[in-house]
Amino acid sequence: MGWLNKIFKGSVNRVSRGHYDGNWHEGHSSDHNRETYDGSDDEDIDYAIALSLSEEQNKGKAVDIDYSLEEDEQLARTLQESLNVESPPRENVPVENVPAREPPPLIFPSSGIRTCAGCNNPIGHGRFLSCMDSVWHPQCFRCFACNKPISEYEFAMHEDQPYHKSCYKEFFHPKCDVCKNFIPTNRNGLIEYRAHPFWMQKYCPAHEDDGTPRCCSCERMEPVDIKYITLDDGRKLCLECLNSSVMDTPECQHLYMDIQEFFEGLNMKVEQQVPILLVERQALNEAMEAEKNGHHLPETRGLCLSEEQIVKTILGRPSIGPGNKIIDMITGSYKLTRRCEVTAILILYGLPRLQTGSILAHEMMHAYLRLKGYRSLSSEVEEGICQVLSHMWLESEIIAGASGNIASISVASSSSSSSSTPISSKKGAKTEFEKKLGAFIKHQIETDSSEAYGDGFRAANLAVERYGLRSTLDHIKLTKSFPY
């Protein structure tokens with residue numbers, strides 16, 4: 001199953017970088033009269049006027065908080081040149097020798113006084129800053145996250161609110177669900193991460209190659225703060241999947257009885273008693289090599305056997321020892337005798353109940369087809385209809401678990417047989433994680449990309465939805481293909 005590859009850009013949530021417009025400024029109240037200005041006042045007011053006229057030109061430019069008298073004089077000259085287009089002053093003429101001229105009025109808001117956008121009080125004689133198309137007292141321009149003044153030259157914007165760059169990163173920069181660190185930027189300065197297509201677990205791309213384990217059931221990566229259980233064959237199992245895991249053959253027998261009732265409710269009773277054995281991965285692989293027919297994946301979790309073999313099965317639930325490892329595995333040999341077309345069904349141990357049940361329902365459908373004379377089916381037809389039964393069982397379990405009691409589930413929508421009987425869930429209500437896990441397993445079946453299991457399921461499911469399960473099976477028996 002492919003993973004999602006995401007690029008997170010800083011502007012995804014309409015984030016923009018902010019700058020102070022112009023310098024930190026010296027504010028002046030409007031009640032000064034021209035007659036009271038001395039030489040230094042002329043310089044200050046010239047500077048303020050020039051700043052007011054050039055604010056729009058200076059937006060977003062880098063600034064320096066301190067300024068010198070030489071810079072003030074340069075601003076004053078620029079102002080005089082802009083106000084006296086017809087008779088500009090000569091170059092290099094000192095500011096104090098420029099003929100006296102009535103200064104233009106200061107540009108203030110309609111109230112006549114510059115008002116701080118933060119506290120709504122007038123900005124008097126003191127320092128102020130201009131940004132976000134407003135003016136502010138330095139102590140009033142605050143971060144929306146921590147509510148502390150922003151004194152840095154650069155700040156971040158999100159939904160028209162200012163943030164310290166560090167606060168913005170903490171709130172909006174994605175963190176890796178595995179290592180818990182901020183996901184680093186790539187060589188192009190973009191935030192690139194991987195995400196599971198169902199769980200949407202985000203993680204750094206490096207974790208795909210650094211040996212970080214995944215749960216063998218739900219496929220989520222192991223976080224640094226939670227250690228998964230290590231099974232004896234090296235598989236990792238997360239603690240949530242461990243909570244409902246099936247670990248020995250007696251547990252699997254109870255699940256087998258539940259699924260037998262499910263099949264009987266579909267008028268698909270299997271009269272022969274088929275041994276159900278829970279096995280380790282090595283025993284499963286050995287049995288698959290000895291089997292002469294059947295359609296198997298390279299990494300299989302269940303087998304429907306037709307040959308006589310000796311299989312090592314798990315007799316007792318193992319314990320969890322030091323380092324979260326499985327210990328004290330109790331096993332025994334079981335000799336399979338051929339009395340019919342099916343000698344046994346093998347299921348890999350250690351998977352959660354819903355996943356074990358979905359595999360068992362699939363393998364029991366293989367057994368049903370062989371015992372009922374469905375011969376020489378293509379892999380797409382046989383695996384496809386087996387996946388449909390697995391999918392149907394999962395749906396019945398999820399619906400029963402959602403009802404909060406041991407509910408009856410009708411499968412008439414999936415079968416045209418008028419004699420379909422209610423299906424009982426023996427487990428009752430499911431935990432929230434079990435419901436989510438059931439949806440994940442269904443999603444795996446629905447989105448499988450393989451020809452036999454994926455395309456086969458979609459073709460079989462479409463036929464069952466159109467014609468019902470019974471009619472579809474009858475058509476398969478006659479034509480070895482799905483009805484269309």
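The structure is a predicted model. The protein has 484 residues, of which 45% count as buried, and its secondary structure consists of 11 helices and 20 strands. The two residues taken up below are Arg-220, which sits in a loop, and Thr-313, which sits in a strand.

**Overall make-up**

- Among contacts in the protein with a separation of 6 or more, 63% are between residues 24 or more positions apart.

**Cavities**

- The protein holds 2 cavities of 30 Å³ or more.
- The second largest cavity has a volume of about 40 Å³.
- Its lining is made up of Tyr-256, Val-270, Val-274, Ile-345, Met-364 and Ala-367.
- By class, the lining of the second largest cavity has 6 nonpolar residues, no polar ones and no charged ones.

**Arg-220**

- Arg-220 belongs to the loop that runs between strand 9 (202-203) and strand 10 (229-230).
- Arg-220 has a relative accessible area of 17% and is therefore buried, since the cut-off for buried is under 20%.
- The side chain of Arg-220 forms a polar contact with the side chain of Glu-240 at 2.6 Å.
- Apart from neighbours within four places in sequence, the residues in contact with Arg-220 are Trp-199, Gln-201, Pro-213, Arg-214, Cys-215, Tyr-228, Cys-238, Glu-240 and Phe-433.

**Thr-313**

- Thr-313 is part of strand 14, which spans residues 310-316.
- With a relative accessible area of 2%, Thr-313 also counts as buried.
- Two polar contacts of the Thr-313 side chain can be named: one goes to the side chain of Thr-249 at 2.8 Å, and another goes to the backbone oxygen of Leu-278 at 2.9 Å.
- Once neighbours within four places in sequence are set aside, Thr-313 is in contact with Thr-249, Leu-277, Leu-278, Val-279, Ile-330, Thr-331, Gly-332 and Tyr-334.
- Both polar partners, Thr-249 and Leu-278, are included among these contacts.

Conventions
Residues are numbered from 1 along each chain as its sequence is written. This is a predicted model: local features need pLDDT of at least 70, side-chain atom pairs count only at pLDDT 80 or more; totals for chains, interfaces and linings use all residues. Side-chain values use heavy atoms; hydrogens and water are left out. On a 1 Å grid over the protein atoms alone, a cavity is a set of points where a 1.4 Å probe fits but cannot get out, and a pocket is an open set with protein on both sides within 12 Å along at least five of seven lines; lining residues have an atom within 4 Å of a point. Grid points are joined across faces, edges and corners, and a volume is the space filled by probe spheres set on the points. Ala, Val, Leu, Ile, Met, Phe, Trp, Tyr, Cys and Pro count as nonpolar, Asp, Glu, Lys and Arg as charged, and the others, Gly among them, as polar. Helices (H or I, at least four residues) and strands (E, at least two) are DSSP runs, numbered from the N terminus. Buried means under 20% relative accessible area, exposed over 50%, partly exposed in between (1.4 Å probe, protein chains only). Contact means heavy atoms within 4.5 Å. A polar contact is a pair of N or O atoms within 3.5 Å; within protein, one must be able to donate a hydrogen and the other to accept it, and residues adjacent in sequence count only if both atoms are side-chain atoms.
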